[in-house]
Amino acid sequence: MNFSRRKFLQTGSAVALAATAGCDRATSDLLPFLKPATTDGPFQPPQSAAIDLVSHFINRLSFGPRPGDYERIRKLGGTEVEAVAAYIAEQLDPARIPDKLARWAVRRCETLDDSIGELFEYKERLLLEELTRGTLLRGVFSERQLFEVMVQFWTDHFNIALGKGDTKWLKVADDRDVIRRHAFGHFPALLRASALSPAMLWYLDGRSNRRRNSDEKPNENYARELLELHTLGVHGGYSQQDVMEVARCLTGWTVRGAKESKFKLGKVEFNPDLHDKGAKVVLGQHIPAIADNLSHDEQERLGAGELDLVLNIVALHPETAKHLAAKLCRRFIAEEPPSAAIAAVADAFLKSSGDVCATLRALFATPEFLATRGGKFKRPHHFIVSALRATGAETDAGKPVAAFLDRMGHAPFQYPTPDGYPEESAPWMGTLLWRWNFAVALAENKIKGTKLDAKNLATRAGGEAQLLAHLLGRKASAEERQACVESGASLALALASPTFQRF
Amino acid sequence: MAQPKTTQTFLTGKGDAQGALVVVFLRGGADGLSLVPPLADDGYHRARPRIAVKPADAVKLDGFYGLHPLLKDLEPAWKDGALAVIHAVGSEDATRSHFEAQDLMEHGGLAAGGWLGRFLRHRKGATAGPLSAIALGRALPECLRGAPAATAMTSLKDFSIGAPPNFLTQLGRLYAANTGTLAAAGRDTLAALRRIEELRAEDYKPAHGAEYAGDYFSQGLRQVAQLIKARVGLEAASVDVNGWDSHLSQGAVMDPEMIKLSKGLSAFYRDLGPRLMATTTVVVMTEFGRRVEENSAFGTDHGRASAMFVLGGGVKGGRTLGKWPGLTREVLEGPGDLPVTTNYRDVLAPILNRHGAGDLAPVFPDFKLAPLDLYG
């Protein structure tokens, strides 16, 4: 029967997916289908009454500790300071971290590896499901935690909601080729990749930004968000005139859309005939007109080159540094980050020409980072992933888990406007009901596709009190221990507790 | 951070002052010309010799339009001035595909997320509570995509936490030991849970002699009314009425749906009473209307403009709004469809403003609004 695996998958049937898994793969590719061995021996939780340095670093650089993480990281150095220094170095070099468990976990999310052309062959629903599941699974199982944290940071920063036009297919490629590829790279390269990402060209209308004659008005949508959200920030010193001039510079970029074309779908092309060839001024810098008597090729080269001229003006602008530094500090330090930390991080960003790792290294070295422990509020995704990690749960991160995120308004790739999910706590304060529901459902093994062994977990930790210390990231207070005992649902209560909502 | 003033702060962000917006979507393309027939337009009777509503049967509205006789239960609200009708309303997009038209209308154009979701996300001082947005049914409708917290529910049971009785007591103890917003959020959430438990336990008695029918629409509205009265911070609810695709035997298809719609809305209106209806708005919409001319099978095919209803929330009702384009051959669009003279966003915009929208630009991007004067 000539019935290809691809055709099978297009039906979007999970049954088909499971039934055919691996049937036409090369033997070497079978490796991720064998579940890597995981450790399930005893582990040592934190011992001090306040959050110690190691716990603090795990909280902030990851989606929370798995059983055994604290002990492993503490042993990376003789002192706590040495241990966290080694942890930072390890996390900033993800290529050297073997990540077999995460690879194994996402093995069924095959669309994540497909080319743009192949993506269009699937039903949108399947792509969203696999992208969501892949994101959750990597959050739960990857050892490259800081990398995953930064993937989420950039996903919000360059937000694209699946839903508008062809983004339904194209976001999968954006996630892989833009966000994940450059998450630990240099910001200018990330920005350029995003500017030319077919998904972004769809999401912010860059593909319909054109000016064939003086009557036609360029579409300013991307130009505005480029300045306001992606680079300079809303008070970054640009004017409405700058937005219009940037939009003019970016006229002529198009994407082959599923409605107009059958082949080369998602291909990004520059068409000089759609480009505004007049002179422009962007943030005070002159961009000369493109002369009519130049060859078509030369016009194309110069017109397309205006994208790089614009990005070069903004990518490493001091306002961009400040804007990004403030956002990073909000994520890693505090909701209202101290200005000294922002200044230090912005400085590192500029000195390193936008090197993400160098910038993060500077952030983790600020006294403000070291001083503010346990005060950040987990967003719903962080809460769910951290609960799955802390309990060492097995999970397929399927629909029942994703449904909790839907209910809390934090489904991956579903934030409707370009500003991305908020990092502040206020918008998420109404989500406690579903966090508590999740905590109880998880602890009592009532989530289909997710399973934990509470008894074994307590044994491995060395008793209920020790388990509590593992979950809270510090020794529990007498009141917390008592509340857990009296609740009759100790594990659920710890996960639902105020402390577990913070990091 | 300032301490919240009442326990309601995290349930609504507004202390329930905002009132609830209930969106009723008629799926399948409901025929506006049957719901609200233009009785005085001869073209209507000529185009539909067999299925037009006869002037003698219709509920009289304003001399030009009437209500379908099966919508007669809506007459009291109309007479109270609490029900407004907007005719020849619809989308700027001419697609006649159900899926595409619903998708575009619920997203508010070619945009990510739904208009109701973006409204909840971007309205003034947005702080979503656990029960701020609900959809009756198994799945969230597209209009609620991107909402800060939205729950598809089939019954109040969906909200309860299946934990030992001491669990919530001890949880309350831990949150009370905290200070600031998290402590307040914990307290409010516990209060909401207690209220839901009470609601589940009580035998709900609709007020003012209202009686809800047993169908899913009436039962859905009954739960919405219950939540509104319980002041759990409901700000938006979505309820669908399916089955309006009347290609053949218009009456057989539409009649049961119209009865559902009319009985459900009138029971809800009566149950809430004037005080609660003053802050509760119900808006009824559909993806498109139907061809003006009837087809050979006593039905009508996919068309363009239809009608919308706005009930309560301070609307200046008892009147019809929107420009009637007439039904002469020159004005009909494409294969003979009622042209859209009012965009659906211009009906929703003033309602959203009434419900505290603030800036509508993120709610309806890429569209120049010309909001209808629903309240003047």
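Predicted model: local features only at pLDDT ≥ 70, side-chain atom pairs only at ≥ 80, totals over all residues.

Biologist: How many salt bridges over all chains?

Modeller: The count comes to 47.

Biologist: Start with A:Glu245 and A:Arg248. How far apart are they, N to O?

Modeller: Their side chains meet in a salt bridge at 2.9 Å, N to O. The two sit 3 residues apart in helix H14 of chain A, so about one helical turn separates them.

Biologist: Are A:Glu245 and A:Arg248 buried or exposed?

Modeller: Both are buried.

Biologist: And what do the side chains of A:Asp347 and A:Lys351 do?

Modeller: They form a salt bridge, 2.7 Å from N to O. Both residues belong to helix H17 of chain A, which covers residues 339–351. They are 4 residues apart, about one turn of the helix.

Biologist: How accessible is A:Lys351?

Modeller: A:Lys351 is exposed, because its relative accessibility is 67%. A:Asp347 has a relative accessible area of 36%, so it counts as partly exposed.

Biologist: Over to chain B. Which lysine does B:Asp73 pair with?

Modeller: B:Lys263, in a salt bridge of 3.0 Å, N to O. B:Asp73 is in the loop between strand E3 and helix H4 of chain B, and B:Lys263 is in helix H10 of chain B, so the pair ties together parts 190 residues apart in sequence. B:Asp73 is partly exposed at 25% relative accessible area. B:Lys263 is partly exposed as well, at 39% relative accessibility.

Biologist: Which residues are linked in a network of salt bridges?

Modeller: A:Asp156, A:Lys376, A:Arg379 and A:Glu423 are linked that way.

Biologist: Now A:Arg60. What is the nearest side chain of opposite charge?

Modeller: That is A:Glu423, 8.7 Å away. A:Arg60 is buried and has no salt bridge.

Biologist: Which backbone oxygen does the A:Arg60 side chain reach?

Modeller: The one of A:Thr372, at 2.9 Å. A:Arg60 itself is in helix H3 of chain A, residues 53–61. Residues it touches include A:Arg331, A:Phe332, A:Phe369, A:Lys376 and A:Phe503.

Biologist: Change of topic. At what angle do the axes of H9 and H18 in chain A cross?

Modeller: Roughly 105°, and the axes come within 13 Å. That makes H9(A) roughly perpendicular to H18(A).

Biologist: Which residues meet there, between H9(A) and H18(A)?

Modeller: From H9(A), A:Leu146, A:Met150 and A:Trp154. From H18(A), A:Val356, A:Leu360 and A:Phe364.

Biologist: How many residues of helix H13 in chain A are buried?

Modeller: 7 of the 10, so H13 is largely enclosed by the rest of the structure. Among the buried ones are A:Tyr222, A:Glu225, A:Leu229 and A:His230.

Biologist: What covers the buried residues of H13(A)?

Modeller: The cover includes H9, H11, H12, H14, H15 and H16 of chain A.

Biologist: Last topic, backbone angles. What is phi of B:His208?

Modeller: Near 55°, a positive value in a residue other than glycine. Most residues other than glycine have a negative phi. B:His208 lies in the loop between helices H8 and H9 of chain B.

Biologist: And where is B:Ser249 found?

Modeller: In the loop between strand E7 and helix H10 of chain B. B:Ser249 has a positive phi too, about 45°. Its relative accessible area is 34%, so B:Ser249 is partly exposed.

Note on methods. Residues numbered from 1 in each chain as written. Chains lettered and ligands numbered in written order. Heavy atoms only, no water. Buried < 20%, exposed > 50% of the residue type's maximum accessible area, 1.4 Å probe, protein only. Lys, Arg positive; Asp, Glu negative; His and termini not counted. Salt bridge = Lys/Arg side-chain N within 4 Å of Asp/Glu carboxyl O. Polar contact = N/O pair within 3.5 Å; in protein donor to acceptor, adjacent residues only side chain to side chain. Contact = heavy atoms within 4.5 Å. Axes fitted to C-alpha atoms, helices over the stretch in contact; angles between N-to-C directions. Parallel < 35°, antiparallel > 145°, perpendicular 65-115°, else oblique. Lists of a residue's contacts leave out its neighbours within four places in sequence.
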